[in-house]
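Colleague: I am new to this structure. Could you walk me through how to read its features?

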Amino acid sequence: LTSNHFSYILMLRTLDVFSGVARVLPLILGSIGMPNLIVKIKRNQKFEHDKTENGWELLRPGAPVPDDDFSLEFVPVLIGEEKEITGSEMFRRAILNKCSSQCMLDYLLKNSKVIPMELQGKVLVFAATLWLDGGYLAVPCLYWSGGEWCPDFVFLDGGWHSNGVFVRLGA
């Protein structure tokens, strides 16, 4: 891994998974301190688009879809007049915005009618899940193409532009 990839892994710090609970130790992202995060993870969680079948390593699974009713919020990746940010800045913002995981991506693919039409043409980002492929980090996304939502995995080594939208649980 390069030093840039290592910094992403340091942002994640340590995932200590036991009894179905992942505990993420305190993270320091830039100058912002974050409290401990505790998310429930279903054991033997399987994604519809499981990249381990392609030799990828799952570094961070993210939380499952809630069992109860829930609402979603869609938050632009860019702030103000920004045109583009780095992948590391996008990932930092995803964590701060409590971005949803690939489990939510799978749910939305099966229930795509709940995605607002205004989001067609945007890239929906589910960066609570983090994959490693041959030394490159990637996050799951959905994009609109050919009249339907399509899954993709975008690598963090490039820039993120104006059509990125974080998906997160509503209040």
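This is a predicted model: local features need pLDDT of at least 70, side-chain atom pairs count only at pLDDT 80 or more; totals for chains, interfaces and linings use all residues.

Colleague: Which residues in α3 are buried?
Modeller: Buried means under 20% relative accessible area. In α3, Gln102, Cys103, Met104, Leu105, Asp106 and Leu108 are buried. Take Cys103 as a case: its relative accessibility is 12%, so Cys103 counts as buried.

Colleague: And Lys110, is it buried or exposed?
Modeller: Exposed means over 50%. Lys110 has a relative accessible area of 59%, so Lys110 is exposed.

Colleague: Now salt bridges. How many does the count come to?
Modeller: Look for a side-chain nitrogen of Lys or Arg within 4 Å of a carboxyl oxygen of Asp or Glu. By this rule there are five salt bridges.

Colleague: Which residue forms a salt bridge with Lys110?
Modeller: Glu48 does, and the closest N and O atoms are 3.3 Å apart. Next, check where each partner sits. Glu48 is in the loop between β5 (37–40) and β6 (57–60), while Lys110 belongs to helix α3 (residues 102–110). The two are 62 residues apart, so this pair links distant parts of the chain.

Colleague: Which residue pairs with Glu73 in a salt bridge?
Modeller: Arg168, with the closest N and O atoms 2.7 Å apart. Glu73 lies in strand β7 (residues 72–76) and Arg168 in strand β14 (residues 164–169), so their pairing ties together parts 95 residues apart in sequence. Glu73 is partly exposed, at a relative accessible area of 27%. Arg168 also counts as partly exposed, at 22%.

Colleague: What do the side chains of Arg93 and Glu82 form?
Modeller: They meet in a salt bridge, at 2.7 Å from N to O. Arg93 lies in helix α2 (residues 87–96) and Glu82 in the loop between β7 and β8 (84–86), so the pair ties together parts eleven residues apart in sequence. Salt bridges that share partners also join Glu82, Glu89, Arg92 and Arg93 into one network. Arg93 is buried, at 8%. Glu82 counts as partly exposed, at 28%.

Colleague: Last one. How many disulfides does the structure hold?
Modeller: A disulfide is a covalent bond between the sulfur atoms of two cysteines. The structure holds zero disulfides. As for burial, Cys150 counts as buried, at 13% relative accessibility.

Methods:
Residues are numbered from 1 along each chain as its sequence is written. Side-chain values use heavy atoms; hydrogens and water are left out. Helices (H or I, at least four residues) and strands (E, at least two) are DSSP runs, numbered from the N terminus. Buried means under 20% relative accessible area, exposed over 50%, partly exposed in between (1.4 Å probe, protein chains only). A disulfide is a pair of cysteine sulfur atoms within 2.5 Å.
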